[in-house]
Amino acid sequence: MTSMEATRPLRVLQLTDPHLMASVDGALLGVNTRDSLNAVIAEVLKSRGQPDLILATGDLAQDGSEEAYRVLGDRLGVFDCGSAWLAGNHDHVEPLTKAAARHGADRRQIIQGGWQFILLDSSVPGKVFGELSESELDFLAQALAQHPDLPALVTLHHHPVDIGADWMREIGLRNREDFWQVIDRFPQVKIVLWGHIHQTHEQQRNGVQLLATPSTCIQFASGSRKFSVEDLAPGYRWFELQASGNFTTEVGRALDFEFELDQNSSGY
Ligand SMILES: [Fe+2]
């Protein structure tokens, strides 16, 4: 290994809430979700190049179809690195798990670049809100106890804090106090990352950077009382992680993607 390679940060790409569908024409509020994912991936390759790891943080399918997961695996094939897939409220766990296993994307604990990545399943079948089961919380605590010296990024689909949007208050992580009780025991946790809210969100909590990311399809208006969408381009999040625990992160968008958003929808 050259000295440059030894110091190069780990590049991690987060893609979230692609809401893919079985039909090639599948659209959410007028936005074709395959086309918008393609646009985001093209933008990543153009402006960032190849990542070292991809985190796909839920609502991978809108309809839970096998075809949607097949399409995701196919699209991610343009990247040279591995990925890890999480379930969101729109996903169907069985076909997702099967497809993820075929792509080696069913890993829930990853050690790479001097970091530990922990993926938690907060999905509850048939519900929009999230919850972490006792076994997920145990898994989190065990993984963190196993590698106290590695900076950690913990990711899940649902928001574990209030994000200042009334209609999203009831659809976040329900048992968030249980989650934070575990996180608070492990000072090596640097980042908690989620999807679900289809918007950029950044805040600090006890020295942990909390982050959420635009969807690769439609965006929800921030700070809104009722469901509402915003005419913003599909996006992704990019991380550069140093083994020291230092990191930088940025949201990027496919600004040249053309779409006509149905602003009058009352839900998705
Ligand atoms: Fe979503």
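Me: What percentage of the 268 residues of the chain count as buried?

Reply: The model is predicted: local features need pLDDT of at least 70, side-chain atom pairs count only at pLDDT 80 or more, and totals for chains, interfaces and linings use all residues. Residues are numbered from 1 along each chain as its sequence is written, and side-chain values use heavy atoms, with hydrogens and water left out. Buried means under 20% relative accessible area, exposed means over 50%, and partly exposed is in between (1.4 Å probe, protein chains only). Of the 268 residues of the chain, the buried share is 56%.

Me: How many helices and strands does the secondary structure of the chain come to?

Reply: Both kinds of element are DSSP runs numbered from the N terminus, helices being H or I over at least four residues and strands being E over at least two. Counted in this way, the chain has six helices and 15 strands.

Me: What is the radius of gyration of the chain?

Reply: The radius is taken over C-alpha atoms, and the globule rule is 2.2 Å times the number of residues to the power 0.38. For 268 residues the rule gives 18 Å, and the chain comes close to that, so it is as compact as a globular protein of that length. The C-alpha trace spans about 50 × 40 × 35 Å along its principal axes. The radius of gyration itself is 17 Å.

Me: What value is phi of H198 near?

Reply: H198 sits in the loop between β9 and β10, and its relative accessible area of 0% makes it buried. H196, in the loop between β9 (189-194) and β10 (201-205), is also at 0% and counts as buried, with a positive phi near 70 degrees. H198 likewise has a positive phi in a residue other than glycine, near 50 degrees.

Me: What volume does the largest pocket have?

Reply: On a 1 Å grid over the protein atoms alone, a cavity is a set of points where a 1.4 Å probe fits but cannot get out, and a pocket is an open set with protein on both sides within 12 Å along at least five of seven lines; lining residues have an atom within 4 Å of a point. Points are joined across faces, edges and corners, and the volume is the space filled by probe spheres set on them. For the largest pocket this comes to about 200 Å³.

Me: Which element gives the most to the lining of the largest pocket?

Reply: The lining is made up of W85, L86, A87, V93, L96, T97, A100, D106, R107, R108, D121 and E136. Two or more of these residues come from each of β5 (82-86) and α4 (93-102). With four residues, the element that gives the most is α4.

Me: How many residues of the lining of the largest pocket are charged?

Reply: Ala, Val, Leu, Ile, Met, Phe, Trp, Tyr, Cys and Pro count as nonpolar, Asp, Glu, Lys and Arg as charged, and the others, Gly among them, as polar. The lining holds six nonpolar residues and one polar, and the number charged is five.

Me: What is the relative accessible area of Q109?

Reply: Q109 belongs to strand β6 (residues 109-112). It is partly exposed, with a relative accessible area of 30%.
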